[in-house]
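Dear colleague,

Please find the structure below, handed over for your study. My notes on what was found in it follow directly after.

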Amino acid sequence: GKVLSHSVSQIRDDHWKSARSVLSPTFSASKMRNISPLIQTCTNNLLDALAKEGEGGKSLDVRKVVECFTMNVIASTEFGMDVDAHNNPDAGFVHNAKIC
């Protein structure tokens, strides 16, 4: 669709060069090194949530688990917040992000 044609993976030529110049500083090696431990913590929380969700042969709501992981990574790396969306789905940050 039209929206997807503007995604980073689809843009080309001058538009790509412009987007790259804006995005590159966000993903510099030093910034990635700084956020790597935060992402690792979120990944460990994800693994714990997957184990908990899958206990007793229950079906797993993969969408919910991945949404929580994504929320945790964004909150942690961009806002310096530990929201633990897996265990606190009604936390203010999580709630406000979902209604946007």
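This is a predicted model: local features need pLDDT of at least 70, side-chain atom pairs count only at pLDDT 80 or more; totals for chains, interfaces and linings use all residues.

**Findings**

Glutamate 78 counts as exposed, because its relative accessibility is 55% (buried means under 20% relative accessible area, exposed over 50%, and partly exposed in between, with a 1.4 Å probe and protein chains only). Glutamate 78 is found in helix α3; helices (H or I, at least four residues) and strands (E, at least two) are DSSP runs, numbered from the N terminus.

Residues are numbered from 1 along each chain as its sequence is written, and side-chain values use heavy atoms, with hydrogens and water left out.

Helix α2 covers residues 29–53, and its 25 residues should span 36 Å at 1.5 Å a residue; the end C-alpha atoms are 34 Å apart, which agrees. The expected span of a helix is 1.5 Å times one less than its number of residues. At isoleucine 35, shortly before proline 37, α2 has a kink of about 35°; the bend at a residue is the angle between axes fitted to the seven residues ending there and the seven starting there.

Which residues of α2 are buried? They are Cys42, Leu46 and Ala49. The buried residues of α2 pack against α3, residues 62–79.

Helix α3 has 18 residues and reaches 25 Å from its first C-alpha to its last, close to the 26 Å expected at 1.5 Å a residue. Its buried residues include Val65, Cys68, Met71 and Ser76. Serine 76 counts as buried because its relative accessibility is 12%. Leaving aside residues up to four places away in sequence, serine 76 touches Leu38, Cys42 and Met81; contact means heavy atoms within 4.5 Å. After α3 comes glycine 80, whose phi is positive, near 65°.

**The largest pocket**

Rolling a probe the size of a water molecule over the atoms shows where empty space is left. The largest pocket has a volume of about 170 Å³. On a 1 Å grid over the protein atoms alone, a pocket is an open set of points with protein on both sides within 12 Å along at least five of seven lines, whereas a cavity is a set of points where a 1.4 Å probe fits but cannot get out; lining residues have an atom within 4 Å of a point. Grid points are joined across faces, edges and corners, and a volume is the space filled by probe spheres set on the points.

The lining of the largest pocket consists of Asn45, Asp48, Ala49, Lys52, Glu53, Lys64, Val65, Cys68, Asp84, His86 and Asn87. The elements that give two or more residues to this lining are α2 and α3, and the largest share, five residues, comes from α2.

**Positive phi values**

Most residues other than glycine have a negative phi, and most peptide bonds are trans. Where is aspartate 84 found? Aspartate 84 is in the loop between α3 and α4 (92–99), and phi of aspartate 84 is near 45°, a positive value. With 17% relative accessibility, aspartate 84 counts as buried.

Aspartate 13 also has a positive phi, of about 55°, although it is not a glycine. Aspartate 13 is in helix α1, residues 13–23, and counts as exposed at 63% relative accessibility.

**Distances along the chain and in space**

Arginine 12, in the segment before α1, counts as exposed at 54% relative accessibility. The C-alpha atoms of arginine 12 and alanine 85 are 73 residues apart along the chain and separated by 36 Å. Alanine 91, in the loop between α3 and α4, counts as partly exposed at 23% relative accessibility. Alanine 91 and histidine 15 are 76 residues apart in sequence and 38 Å apart in space, C-alpha to C-alpha.

Yours sincerely
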